[in-house]
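Trainee: I would like to learn how to read features off a model. Can we work through one together?

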Amino acid sequence: MKKSEILLSAFLAVFVLLAFSSCEKLGTEFSDIMVVQGIGIDRIGSGYRVTVEILNNEQVSGIINESVDKRTLIYTATGRSVYEALFSTAFKSGNEPIFSHNKVIVIGESTAKSGIRDIFDFFERDYNRVSQLVCIAQNADAADIIRSKLPTGDISTELLENVLEKSVTDSTVPRVRIVDVVNGIESETSALVIPVVKMLRNGEYDAYSLSGCAVFDK
């Protein structure tokens, strides 16, 4: 076999490998993608419940459907691990999960009190978007935050992201990302600090407000 043929074969092998290992496979239609906007995690028994907010593909893609007025949909699933629960939500939606647009990870208060190391083992090993924001729900499950009642057209995790980002401008609480949590868990010299968010009823709808920080001591 000529050298050029060997190089061509190697190139094709690498191409096929990358195509099949990619989250966004070549030729995948937008309607077949589960575009994750936010992830809420609660511990239940010996497992986890994951609640995800995803883009409503029918509404976003402009398909004419008068019954579709919500920009997002909510799916919830359980599993023995965060990984299992998260991908069970994808099974329910029937679409391939894409995490590149995710905005925030919410951890329920009771879940945070029982420890977060196991939760972030998944994000450290099996999740490739480490810059997304993390917060703790005050006096609530993460599912409550994700499922908050908002005016039509609003995206709960988009509003939550704005609240967390504004806190940095106002110097209220630190901006904490997945990578910061993972590094904080591994640190032997400093405590981990994560912003706390509470949900308020503002007339007919819910709103978010910062409520200090949760400190995870060694």
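Mentor: Start with a group of rings. Ring pairs link Tyr83, Phe87, Phe99, Phe120, Phe122 and Phe123 into a cluster. Rings of Phe, Tyr and Trp (its six-membered ring) pair if their centres lie within 6.5 Å. Planes under 30 degrees apart are stacked, over 60 edge-to-face, and the rest tilted.

Trainee: What kind of model is this, and what are the ground rules?

Mentor: It is a predicted model, where local features need pLDDT of at least 70, side-chain atom pairs count only at pLDDT 80 or more, and totals for chains, interfaces and linings use all residues. Residues are numbered from 1 along each chain as its sequence is written, and side-chain values use heavy atoms, with hydrogens and water left out.

Trainee: How many aromatic pairs does a search of the whole structure find?

Mentor: The search finds 5 aromatic pairs. A pair of aromatic rings is described by the distance of the centres and the angle of the planes. Take Phe87 and Phe99: their centres are 6.0 Å apart and their planes 75° apart, which is edge-to-face.

Trainee: Why does the pair of Phe87 and Phe99 tie together parts that are apart in sequence?

Mentor: Phe87 lies in helix α3 (residues 82-93) and Phe99 in the loop between β4 (96-98) and β5 (104-107), so the pair ties together parts 12 residues apart in sequence. Helices (H or I, at least four residues) and strands (E, at least two) are DSSP runs, numbered from the N terminus.

Trainee: Is Phe99 buried or exposed?

Mentor: Phe99 is buried, at 10% relative accessible area. Phe87 is partly exposed, at 30%. Buried means under 20%, exposed over 50%, partly exposed in between (1.4 Å probe, protein chains only).

Trainee: Next, strand β5. Which way do its side chains point?

Mentor: Val104 and Val106 point one way, Ile105 and Ile107 the other, and all are buried. Now look at the neighbouring strands. Two strands pair if DSSP finds at least two bridges between them. Strand β1 (residues 33-44) pairs with β5 in the parallel sense over 4 bridges. There, Ile39 stands opposite Ile105. Strand β6 (residues 133-137) also runs parallel to β5, joined by 4 bridges. Ile107 stands opposite Ile136 in β6.

Trainee: What lies 2.7 Å from the backbone nitrogen of Arg43?

Mentor: A polar atom of the Thr111 side chain. A polar contact is a pair of N or O atoms within 3.5 Å; within protein, one must be able to donate a hydrogen and the other to accept it, and residues adjacent in sequence count only if both atoms are side-chain atoms. Thr111 sits in helix α4 (residues 109-113). At 1% relative accessibility, Thr111 is buried. Leaving aside neighbours within four places in sequence, Thr111 is in contact (heavy atoms within 4.5 Å) with Ile41, Asp42, Arg43 and Ile119.

Trainee: In which sense do β7 and β8 pair?

Mentor: Strand β7 (residues 192-202) and β8 pair in the antiparallel sense, over 10 bridges. Val197 has Leu210 in β8 as its bridge partner. The hairpin has 2 residues between the strands, and Gly203 takes a positive phi near 70°.

Trainee: Where is Gly212 found?

Mentor: In strand β8 (residues 205-216). Gly212 is partly exposed, at 31% relative accessibility. Beyond its neighbours within four places in sequence, Gly212 is in contact with Val173, Pro195 and Val196.

Trainee: How many helices and strands are in the protein chain?

Mentor: There are 8 helices and 8 strands. Of the 218 residues of the protein chain, 40% count as buried.
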